[in-house]
Amino acid sequence: MGWNGKVKGSNQFIFQMSEAVALFRREAGAQVPVSQLHTFLIASGVPGMSITEVCEKAGVPSGSKTQNILSLATGNSRKGYERSGKKLLSLKKSPDDSRKKQVELTPEGEILRDKMEAIFS
C-alpha cells in the first residue's frame, strides 16, 4: 500500500479510500467517472438488485445510472445497440419478471471487489 502503514487514525481511512479509487480506475479505465465507481459499489453490496433498485439506492434518475451500469457491463444491448462495457457487471433477466434485469458482478468484478476489500483489511 502507498501509505506503508505510516498513516494512523482517521487519515488512514482517507488513504485507504484513495487507494481503492485508484485501484478501480486502473482496473476499469483511467477515465472512469466517480458515478461509475458509485454504481459498482452499490452493485457489489447487494448482488441481484434490479436496475431500478440500484438507481433508488444511488438516489439518481434511472437513465443516468442505467448508462453507468451498461458502461460497466458486458454483452448487453439497449435499443438494439451492442455495448462492450468493462466486463465488471452483467445484466440477467429477473426470474420473477422477464422484463426486469438484475445487476450482478462478473468474475472480473468479483476479483476487483475482493481487491478493494483487501485494502481495508
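**Why is it called that?**

Student: Why does Arg113 count as partly exposed?

Tutor: Arg113 has 21% relative accessibility. A residue is buried under 20% relative accessible area, exposed over 50%, and partly exposed in between, using a 1.4 Å probe and protein chains only. The value of 21% lies between those cut-offs, so Arg113 is partly exposed. Before we go on, note that this is a predicted model, in which local features need pLDDT of at least 70 and side-chain atom pairs count only at pLDDT 80 or more, while totals for chains, interfaces and linings use all residues. Residues are numbered from 1 along each chain as its sequence is written, and side-chain values use heavy atoms, with hydrogens and water left out.

Student: What makes Arg113 and Asp114 a salt bridge?

Tutor: The term asks for a side-chain nitrogen of Lys or Arg within 4 Å of a carboxyl oxygen of Asp or Glu. Here the N to O distance is 3.1 Å, so the pair qualifies. Asp114 is partly exposed too, with a relative accessible area of 38%.

Student: How many salt bridges does a search of the whole structure find?

Tutor: The search finds four. One of them joins the side chains of Glu27 and Lys115 at 3.3 Å, N to O. Glu27 is in helix H1 and Lys115 is in helix H5, so this pair ties together parts that are 88 residues apart in sequence. Glu27 is partly exposed at 42%, and Lys115 is partly exposed at 37%.

Student: How do you know that Glu104 and Lys92 form a salt bridge?

Tutor: Their closest N and O atoms are 3.7 Å apart, a distance that meets the salt-bridge cut-off, so the pair counts. It links distant parts of the chain, with Glu104 in strand E5 and Lys92 in strand E4, 12 residues apart. Glu104 is partly exposed at 23%, and Lys92 is partly exposed at 42%.

Student: What makes a stretch a helix or a strand, and how many of each are in the chain?

Tutor: Both are DSSP runs numbered from the N terminus: a helix (H or I) has at least four residues and a strand (E) at least two. The chain has five helices and five strands, and from the N terminus on they run α-α-β-α-α-β-β-β-β-α.

Student: How do you know that E4 and E5 pair?

Tutor: Two strands pair if DSSP finds at least two bridges between them. E4 and E5 have five bridges, in the antiparallel sense, so they pass. The open sheet has three strands in the order E1-E5-E4.

Student: Why are E1 and E4 called edge strands?

Tutor: Each of them pairs on one side only.

Student: What makes Ser90 buried, and what does it touch?

Tutor: Ser90 is found in strand E4. Contact means heavy atoms within 4.5 Å. Leaving aside neighbours within four places in sequence, Ser90 is in contact with Gln102, Val103, Glu104 and Thr106. Ser44, in helix H2, is buried at 12% as well. With residues up to four places away not counted, Ser44 touches Leu105 and Arg113.

Student: How do you know that the buried residues of H3 are on the same side?

Tutor: These residues are Ile51, Val54, Cys55 and Ala58. They cover an arc of only 100 degrees around the axis, which puts them on the same side of H3; the arc is that of the directions from the helix axis to the C-beta atoms. The face turned away carries the exposed residues Glu56 and Lys57. An α-helix has 3.6 residues a turn, so residues three or four places apart point the same way.

Student: What makes a group of residues a nonpolar core, and which members touch the most others in the largest one?

Tutor: A nonpolar core is a set of buried Ala, Val, Leu, Ile, Met, Phe, Trp, Tyr and Cys residues joined through side-chain atoms within 4.5 Å. The largest one has 26 residues, and Phe24, Phe40, Leu89, Val103 and Met116 touch the most other members. Elements that each supply at least two residues of this core include helix H1 (10-28), strand E4 (89-93) and helix H5 (107-119). Beyond its neighbours within four places in sequence, Met116 is in contact with residues including Leu23, Phe24 and Phe40.
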